[in-house]
Amino acid sequence: MSRWVTVASVADCRAGEMHCVKVEKLRVLIANTEGQFYAVDELCSHEDATLCQGALQGLRIKCPLHGSRFDLLTGQPLEDPATEPLRTYPVRVEQEQIQIRLED
Ligand code: FES
């Protein structure tokens with residue numbers, strides 16, 4: 001079963017910016033880039049670095065600790081040292097609220 005959960009308002013995450021939120025027990029990074037919102041896990045899959053302190057580069061996000069970049073669409077790392085993907089979440093905007101879909 002899945003459900004949509006509001007995580008932020010559109011005003012919290014302007015074009016070209018990232019916004020990190022706690023949603024229930026999850027830490028999620030919202031990125032506003034290339035005209036859309038994307039949502040992935042905030043913590044790098046390699047070690048415990050917060051990707052919110054990294055760099056948003058188009059549809060990629062670069063980890064601040066060891067520099068692996070991740071594809072925001074798939075969560076896949078593009079180079080070492082990270083080898084595991086980030087979890088990605090479907091995103092929609094309803095009445096200026098950013099929502100992500102969580103699976104129960
Ligand atoms: S902690 Fe992100 S690449 Fe190492």
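The side chains of Arg27 and Glu42 form a salt bridge, with 3.3 Å from N to O. Arg27 belongs to strand β3 and Glu42 to the loop between β4 and β5, so the bridge ties together parts 15 residues apart in sequence. This is a predicted model. It holds five salt bridges.

**Salt bridges**
- Arg27 is partly exposed, at 36% relative accessibility.
- Asp104 is exposed, with a relative accessible area of 62%, whereas Arg3 is partly exposed at 30%.
- Another salt bridge joins the side chains of Glu79 and Arg69, at 2.9 Å from N to O.
- Glu79 lies in the loop between β7 and β8, Arg69 lies in strand β7, and they are ten residues apart.
- Both are partly exposed: Glu79 at 26% and Arg69 at 25%.
- Salt bridges with shared partners connect Arg3, Glu24 and Asp104 into one network.

**Around Ser68**
- Ser68 is in the loop between β6 and β7.
- Ser68 is buried, with a relative accessible area of 1%.
- Its side chain reaches two backbone atoms: the oxygen of Glu79 at 3.1 Å and the nitrogen of Ala82 at 3.0 Å.
- Leaving out residues up to four places away in sequence, Ser68 touches several residues, including Ile61, Cys63, Asp80 and Pro81.

**A three-stranded sheet**
- Three strands form an open sheet in the order β5-β6-β7, with antiparallel pairing.
- β5 (55–57) and β7 (69–71) are the edge strands; each has a single partner strand, so one side of each lacks a neighbour in the sheet.
- From one strand to the next, the twist averages 25°.
- Three bridges join β5 to β6 (residues 60–62).
- Ala55 stands opposite Lys62 in β6.

**Nonpolar cores**
- The largest nonpolar core has 14 residues; Val7, Val23, Val28, Ile30, Ile98 and Ile100 touch the most other members.
- Strands β1, β2, β3, β4 and β10 each supply at least two residues of this core.
- Val7 touches Val21, Val23, Ile30, Ile98 and Ile100, not counting residues up to four places away in sequence.
- A second, separate core has 13 residues, among them Val40, Phe70, Leu72 and Ala82.

Technical notes. Residues are numbered from 1 along each chain as its sequence is written. This is a predicted model: local features need pLDDT of at least 70, side-chain atom pairs count only at pLDDT 80 or more; totals for chains, interfaces and linings use all residues. Side-chain values use heavy atoms; hydrogens and water are left out. Two strands pair if DSSP finds at least two bridges between them. Helices (H or I, at least four residues) and strands (E, at least two) are DSSP runs, numbered from the N terminus. Axes are lines fitted to C-alpha atoms, for helices over the stretch in contact, and angles run from 0 to 180 degrees between N-to-C directions. A nonpolar core is a set of buried Ala, Val, Leu, Ile, Met, Phe, Trp, Tyr and Cys residues joined through side-chain atoms within 4.5 Å. Buried means under 20% relative accessible area, exposed over 50%, partly exposed in between (1.4 Å probe, protein chains only). Contact means heavy atoms within 4.5 Å. A polar contact is a pair of N or O atoms within 3.5 Å; within protein, one must be able to donate a hydrogen and the other to accept it, and residues adjacent in sequence count only if both atoms are side-chain atoms. A salt bridge is a side-chain nitrogen of Lys or Arg within 4 Å of a carboxyl oxygen of Asp or Glu.
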